[in-house]
Amino acid sequence: MSLSDTLRLLRAKRGGITPLDIEAATALPKGIYRQMEQRYRAVGDDDSIRILADFFGVPFEDLRWRLDWPRKALSRALVAAMANGSAITLDLWNGQQVPGVVRWWDLGAVGLETPDGQLLVIQRHAVERWSPRAAEDIAQ
Amino acid sequence: MAENLWALREQKKLSVATLASRAGLPIGLIMEYESGQRSIDPRHLARLGRALYVEESEIKLHSDPRPGWGALERQPRRDEGRPPAPPGVFQATKPPREKSPRPPRPAPVPRPPAPARPSQITHLQDLLLRLGRSQEEIEAEVGKPLAELDRQAASQLLVKLQTEMKEGKTAERHRAYLPEAVDQFELNYLTAAQQAGDLLGFVLFDNTHLTGRVIGFGPYSITVQREDGSETTLNKLALVSYTKAAAGKEGPA
């Protein structure tokens, strides 16, 4: 789960307080929280993540590593896997590790054909990490 | 009592030139009036009066010559005294000056071309990146490193690359594209599953499994009818995955 999805989930768990409420309650610059949650690319830095970890009462590291696995990087990996016709392995939120070939993907889910020939529809927010990463993400 | 023009002028501490300027009359005329060579033209009287801040009647129409000053003598013309030109020979009143040929201007020394601006180099590098072309490639093309380009060459190269950009000679997109519809593929899958009455097995975030037939869905939720007839709406945020399930089995096949 990307940092943006995680923040959305944490906010939902807090009763759905608004991004404005969070900005008002923290020292985050105006607009940064909304961008961290809504942007598909990685937004935020250690300072802003530390502030949010304190606010939500979660360990800093639990949020920090997710900054390097944004949704856009998943899109790049899916595009590359589809273009190459190669398999990709997705590490899921519930601890599952699913290998397969990408048959389709959109902004909400990935259609992965597993080795047993089943089409498994995986929610994108449930994907924590994946392998291989797209070339440009490895370069970073 | 009327006064001589020169006396009034001196009383006002004005020079002839100033008076002439104020009255809008030629200096020579003022001098002739002052010397008594000619009487003041009545048309000029008002002007002189205004210039001297006096009544017209205070100015003598015919000035007496200033004591000690002789009448103005006419200056001889330049050509007076010269022998007359022989008949038939044209003589200009003023001989044309012999024009000495102007020395030719030195040829302008060509200024060394200014080096390319840093902003031009940055812009070039950015364009190359967007076109997917390497700096080495373009340097080989122009025959020198980008940093050694002069301003004009850099400008020409910028125009060339911008034209290429406009013509769509861009590199293949490296950024992931986004599908046109947000949930197009998942929507199609769920629609087909609902219409076919497929049994789907769902895995939730806490690893619990649930099986049912899709009876409705939206962008954020899926409503399923379980085999016991009960309906459950699953928030997609709580979902991990789903697939077609074998009948009588909870969860994915």
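Student: OK, what ipTM and pTM does the predictor give the complex?

Tutor: This is a predicted model, and the predictor gives the complex an ipTM of 0.85 together with a pTM of 0.53.

Student: And what pLDDT does chain B average?

Tutor: Chain B averages a pLDDT of 82, and 79% of its residues score at least 70.

Student: Switching to chain A, how many helices and strands does it have?

Tutor: There are seven helices and five strands in chain A, and reading from the N terminus the order is α-α-α-α-α-α-β-β-β-β-β-α.

Student: How much of chain A is buried?

Tutor: Of the 140 residues in chain A, 51% are buried; separately, when contacts in chain A with a separation of 6 or more are considered, 51% of them join residues 24 or more positions apart.

Student: Now the interface: how many residues does each chain put into the contact?

Tutor: Chain A contributes 24 residues and chain B contributes 26 residues, and between them the two chains bury about 2300 Å², with 63% of that area on carbon and sulfur atoms.

Student: How many salt bridges are there between chain B and chain A?

Tutor: The count is zero salt bridges between chain B and chain A.

Student: Then aromatics. How many pairs turn up in the whole structure?

Tutor: The search finds seven aromatic pairs over all chains. One of them joins Phe55(A) and Phe56(A), whose ring centres are 5.1 Å apart with the planes at 75°, so this pair is edge-to-face.

Student: Are Phe55(A) and Phe56(A) buried or exposed?

Tutor: Phe55(A) and Phe56(A) are both buried.

Student: What about Phe202(B) and Tyr242(B), how are their planes arranged?

Tutor: That aromatic pair is tilted, with 5.2 Å centre to centre and 45° between the planes. The pair links distant parts of the chain, since Phe202(B) lies in strand E1 (residues 199-204) of chain B and Tyr242(B) in strand E5 (residues 239-244) of chain B, 40 residues apart. Both Phe202(B) and Tyr242(B) are buried.

Student: Which residues form one aromatic cluster with them?

Tutor: The cluster brings together Trp104(A), Phe185(B) and Tyr189(B) with Phe202(B) and Tyr242(B).

Definitions and conventions:
Residues are numbered from 1 along each chain as its sequence is written. Chains are lettered from A and ligands numbered from 1 in the order in which they are written. This is a predicted model: local features need pLDDT of at least 70, side-chain atom pairs count only at pLDDT 80 or more; totals for chains, interfaces and linings use all residues. Side-chain values use heavy atoms; hydrogens and water are left out. pLDDT is the predictor's confidence in each residue, from 0 to 100. Rings of Phe, Tyr and Trp (its six-membered ring) pair if their centres lie within 6.5 Å; planes under 30 degrees apart count as stacked, over 60 as edge-to-face and the rest as tilted. Buried means under 20% relative accessible area, exposed over 50%, partly exposed in between (1.4 Å probe, protein chains only). Helices (H or I, at least four residues) and strands (E, at least two) are DSSP runs, numbered from the N terminus. Contact means heavy atoms within 4.5 Å. Buried area is the accessible area (1.4 Å probe) that two parts lose on being put together, summed over both. A salt bridge is a side-chain nitrogen of Lys or Arg within 4 Å of a carboxyl oxygen of Asp or Glu.
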